[in-house]
Amino acid sequence: MGESLVAIAILLPVIAGVAAYLGLPRLVRRAVVVGTGIALGAVAIALAAHERLEVDLPALGFDWSRALVALDLLLVVVIAYLAIRTRHRLAIGLAVAQLAVVAYLKLGPSSHSVVHSTFVLDRLSTTLSLIVSIVGSIICVYALRYMDEHEEHHHVSPSRQGRFFFFMLVFLGAMNGLVFANDLGWLFFFWEVTTLCSFMLIGHDGTPVAIANASRALWMNLLGGLGFAGALWLLEARGQETSLEALVGGSADASLVLLPLSLLVFAGMTKAAQMPFQSWLLGAMVAPTPVSALLHSSAMVKAGVYLVVRLAPGYRETALSDVVAFAGAFTFVVAAVLALTSSDGKRVLAYSTISNLGLIIACAGVNTSLALAAALMLILFHAVSKALLFLSVGSIEHAIGSRDIDAMEGLARRHPKLALIAAAGIISMALPPAGVLLSKWVAVEAAASAGASFKPLVTVLFAVGSAATLGFWSRWLGRLFTSPPGVPTSPVRLGSTYALTLGPLVALIAVLSLGAGVIVDSFLEPGMRLYFGAEAIEGAGIALAAGEASYPLGWLYALALVALGVPALAVAVRPARIRPAYFCGENVGGPTDDEFYTAAEQKVHVGIASSHFRALFAEERVVRWGNVVAIVLIALVFGVGYR
Amino acid sequence: MIEQVAVAIATILVAPFLGGLLTGLDRKLTSRLQGRVGPPLIQPFYDVIKLLSKDLIVTTRAQAVFVWGYFLFTASALVLFALGQDLLLIVFVLAFGSMCLIAGGFSTKSPYAIIGSQREIAQVLAYEPALILAAVGVYLVNGGFAVSQVWSSARPLLPSLPLVFLTLLMVLLVKMRKSPFDFAASHHAHQELIRGILTEYSGPHLALVELTHWYELVLVLGLISLFWATNLWPGLLIAAAAFAFAVVVDNVTARLTWSWMLRSAWTLGIGLPALNIALLYVRL
């Protein structure tokens, strides 16, 4: 039963993707996407009921290893072909190099160690699978309407949605395969499938800008993939078993696996767009918004951090762990500061994503059971909140024609539901009872409690980055509601597709946040115990009381009531009057209310824009120095692995 | 459970009186330092009562939401403190209250409020890391983040966390909106941006902001009193000394420009606690 569920989770989206590609009538395609989404969600929930599940492919009879060889070779050949078509030298070089390494691995002399548990599902895997299946499906359904508007906007004919949904659905299947895989060979295959999907989806629009950004994403991800392949080669050359369980189980010889671990961590960090590789994620924002929501905030980049978190017990108490913590914390701070300087909504979200991914990786580097619990919580809560934010920015962009934060001024008047949904998303990233802030709290607790061997610098970086995130969220939150008290313009309806996808996401965030204690206690913690071993979980006092410093569940629920009560209270208190703001003289009035009278009855126009601290944090300068430090840290990642 | 609720209610009711008296004391001391007679000690209460009787005028209804959010979250932070809860959580709740204030400033269409809000962001960037690192410092000395642990501890915090204490003095200045850190909305009228972030708040809402300010004052002074919590009196004495220090500093300094403020606040706010924490690690 479990095996069939795993098979469905991986293969159903692929079949559905092919069906979507085959140029079916629109209504059928929509039915396929919605049906696949529902089925995937159900399968993920069913799989999540298992605390641990093992699937042993060789035992099923079919010679899967040869199938994998064929699939791998086909994949790297396709990637190489696509890379050559982009005429991007770095992409071509890396793709060919990867082709060479994989060909040597698969066809050359090797030990071909047999890995018995091809797929192993534990709480970490099923959490990510739930995110991919539920949030990913919601995003695909959202894309049904979004892509219609997108193609109408850009006068795309004939429709390219078949191709779009093919890659989106195949991506869902590949992600499921990725998080379930225990055999590194299979993991590598799914890893590179996601690279391929990302490349095709970023370049979907086919414009020169899109293709250039897709090429950059391709070569950076290929660089990570090359590292991955290198790790595989090293493991086979050193006679180690190429499976995750062997790497983290503690049975392997530490000195032999450290360099492969470094390479795998490097692969994870490039996929998670950590510095200095953040530019591919920023460039990927040219893709249609569902792509940004799915690949570049909820799923694909989460695959990168998933690998780093998964391998954490393997490099615990090594220098690699410290370097990973530094690199993650450094990215966390720099990306948060850079988000302050951006006025483009999607760019701010991209930087925020990179920042949170850095935080997750830093928690993996801190490598105590409490820190890893924080990482897992962050993965879960951040994925949902960020998906909601990206989707609402997409809808806003279609509604007002711009995604600049300053252009969203006064959105609440014309598009009240959209503004409220976006506000809910922003608040969920910073509100104390909500999931993301809760995870951040656990992260700081974990860093502080990491023991005397740990450097305090990471804690300092956590503190600074945390402060910076407040800055750009509060600015955006306020701007949504800046509107003159003129005659209210007729509010625009949200539409059923958007309401049916964005609404459930908001509800999901609320449920997850209110139930955070229950989720950690009954869902995450038992799985963590299986994963980290019984002795490790004692110190992880999250839902448990650790002395008097406990997670005050009751008071946080009270706070949540406060949070919900605030808007209710304020709306109930009807102001006696709503008046225009004071400018510098008598207001001219009128519906836009942005002029006042100055000397000699001249009208002066008032335009308001947000400051983006560019004088202090010039983006180019910060990026340049940040990249320099980040390159040093990446070099250290390899340096500590190399003996 | 019942006694927790009782403590919470008591805090909510008593803190405004304490905060108001302290604010009145602040004004009296300031006026004496400036050679004036000054208003009566309970003038802040008169002010708030008068504000409550005014008409409720806003520029946008969102403003009302945000000012209530600011009040309720700051009050919650104080309640959590009175209950001896996790210090890091208190800092985050307080931070969300500040976020509400900033968002409220941005939601009005007033250019003065918006510039004030931007300055407030710069200020938050300056003191927020300091508060988080102060909490971390407390953790390192006591082995836990809980305020109740500090109260029940036998060792006072000040000898181990002197630099963090200095940082909290800076945070006090920022929170009381006193020179040299009165960048966003000065406590006194000398603000070239009309009233900065609070420009479009009037009447009952301004009374609410003033009330929140009192809660915040009590909370920050409470945090300062934590530094010698073995008996009741040393803590209160330290808090009183810090309060007097803030008033004096306000009267002898001028406001810093934003770049100076960020530079000095970061050096003090991040550098000092970081140094303190590093020293603690070395000794550990």
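This tour moves through chain A and then chain B, one selection at a time. The model is predicted.

**Stop 1: chain A, whole**

Select chain A. Colour by secondary structure: there are 24 helices and five strands. Next, colour by burial. Of the 643 residues in chain A, 62% are buried. Now show the surface.

**Stop 2: helix α4 of chain A**

Select residues 89-107 of chain A. This is α4(A), with 19 residues. From first C-alpha to last, α4(A) reaches 26 Å, close to the expected 27 Å.

Which residues of α4(A) are buried? Show A91(A), L94(A), A95(A), Q98(A), V102(A), L105(A) and K106(A). Look down the axis. These residues sit on the same side of α4(A), because they cover an arc of only 100° around the axis.

Turn to the face directed away from that buried side. Here you find the exposed residues R89(A) and L107(A).

**Stop 3: the cysteines**

How many disulfides are there over all chains? The count is zero. C140(A) is in no disulfide; its nearest cysteine sulfur belongs to C197(A), 11 Å away. C140(A) has 1% relative accessibility, so it counts as buried. Then jump to chain B and pick C100(B). With a relative accessible area of 7%, C100(B) is buried too.

**Stop 4: helix α7 of chain B**

Stay in chain B and select residues 162-175. This is α7(B), a helix of 14 residues. Its end C-alpha atoms are 20 Å apart, which agrees with the 20 Å that 1.5 Å a residue predicts.

Is α7(B) mostly covered or mostly open? Mostly covered: twelve of the 14 residues are buried. Show side chains to see them, including L163(B), F165(B), T167(B), M170(B) and K175(B).

Bring in the surrounding helices of chain B. Among those covering the buried residues of α7(B) are α4 (87-107), α5 (111-142), α8 (203-225), α9 (232-252) and α10 (258-283).

Last selection: R177(B). This residue follows α7(B) and has a positive phi, near 55°.

Methods: Residues numbered from 1 in each chain as written. Chains lettered and ligands numbered in written order. Predicted model: local features only at pLDDT ≥ 70, side-chain atom pairs only at ≥ 80, totals over all residues. Heavy atoms only, no water. Helix = DSSP H or I, 4+ residues; strand = E, 2+ residues; numbered from the N terminus. Expected span 1.5 Å × (residues − 1). Buried < 20%, exposed > 50% of the residue type's maximum accessible area, 1.4 Å probe, protein only. Arc of directions from axis to C-beta. Disulfide = S-S within 2.5 Å. Contact = heavy atoms within 4.5 Å.
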